[in-house]
Amino acid sequence: SSGINAEYGVGNVLNEGAASLCPDIVALLCANVYLRAGDFESTLRVTNSASSLECHALAVQTLIQMNRVDIATKEMKKMQEIDEDATVSQLALAALNIAMADTKSVQTAYYVYQELADKFEPTPILLNGQAVCFLLQGKAEQAEDVLQKALDKDSGHPETLINLSIVSQFLGAKDSAKRYMSQVKDSHPDHPYVVRLQEKEKIFDELSSALLSNR
């Protein structure tokens, strides 16, 4: 999309400064732009040039999206050596355990989110994390309950709406699933999930039209 192309251009401009000075804040901004544009290679190149926990966490996130949990685990160990108790380290650990998806790892992720919620407050991000854990455990109703709490805190939170749409499909509530997805499409049209979904819907529509025309 034009929005992502514009961001990608900004990333290149930022990276010119990061290449010589590479302060962690510039590197983090730059890497985020590349990640949103789907340029994983550039994202990792920038995060590897920085030393902050935030950049390491972004590297973990990127590697998870690349389905390279093995390398993400090594990156996670670097974070733990720096400060394993830092909030950003705990969030990265939870995300990594969710990506592993086995029973023990999912339970660990849930406890991490719960500890952070007890320490600070149950924010929409933490509640969404717990909901994903419930869903991976086959507990769709519990996931819905937690997501409703997140929605009460922020009725326009995109991840909450997306996850509610997914959970509603699991529960067979198709009308609710469509309503939540329509809401996130209208309020967050540039969200990466929405962009990817619409691209797939376009491909599906084109294939359907081609099949019908060949009958």
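Helices here are DSSP runs of H or I with at least four residues, numbered from the N terminus. With that settled, I went to Ala 101, which sits in the loop between helix H6 (87-100) and helix H7 (103-119). I kept in mind that this is a predicted model.

**Entry 1**

I looked up the backbone of Ala 101 and found a positive phi of about 70 degrees, although Ala 101 is not a glycine. Is Ala 101 buried, partly exposed or exposed? Its relative accessibility is 41%, so I noted Ala 101 as partly exposed.

Next I turned to Asn 67, in the loop between helix H4 (53-65) and helix H5 (69-83). Asn 67 is not a glycine either, yet its phi is positive, at about 60 degrees. Exposed means over 50% relative accessible area. Asn 67 comes out at 67%, so it counts as exposed.

**Entry 2: the cores**

I then asked which residues have the most contacts inside the largest nonpolar core. They are Met 79, Tyr 113 and Cys 133, in a core of 41 residues.

Which of them gives the most? That is H7, with seven residues.

Leaving out residues up to four places away in sequence, Cys 133 touches Ile 98, Val 106, Ala 109, Tyr 110 and Tyr 113. I also found another core lying apart from the largest one; it has ten residues, including Ala 31, Leu 35, Val 46 and Leu 58.

**Entry 3: H11 against H12**

My last stop was the pair formed by helix H11 (residues 174-187) and helix H12 (residues 192-213). Their axes come within 10 Å and cross at roughly 110 degrees. Angles of 65 to 115 degrees count as roughly perpendicular, so H11 is roughly perpendicular to H12. I noted the crossing of H11 past H12 as left-handed.

Which residues make the contact? From H11 they are Met 181, Val 184 and Lys 185. From H12 they are Tyr 193, Val 194, Leu 197, Gln 198 and Glu 201. Sorting the residues of this contact by type, I got five nonpolar, one polar and two charged.

Note on methods:
Residues are numbered from 1 along each chain as its sequence is written. This is a predicted model: local features need pLDDT of at least 70, side-chain atom pairs count only at pLDDT 80 or more; totals for chains, interfaces and linings use all residues. Side-chain values use heavy atoms; hydrogens and water are left out. Axes are lines fitted to C-alpha atoms, for helices over the stretch in contact, and angles run from 0 to 180 degrees between N-to-C directions. Helices (H or I, at least four residues) and strands (E, at least two) are DSSP runs, numbered from the N terminus. Angles under 35 degrees count as roughly parallel, over 145 as roughly antiparallel, 65 to 115 as roughly perpendicular and the rest as oblique. A crossing is left-handed if the near helix is turned anticlockwise from the far one by less than a right angle, and right-handed if clockwise. Contact means heavy atoms within 4.5 Å. Ala, Val, Leu, Ile, Met, Phe, Trp, Tyr, Cys and Pro count as nonpolar, Asp, Glu, Lys and Arg as charged, and the others, Gly among them, as polar. Buried means under 20% relative accessible area, exposed over 50%, partly exposed in between (1.4 Å probe, protein chains only). A nonpolar core is a set of buried Ala, Val, Leu, Ile, Met, Phe, Trp, Tyr and Cys residues joined through side-chain atoms within 4.5 Å.
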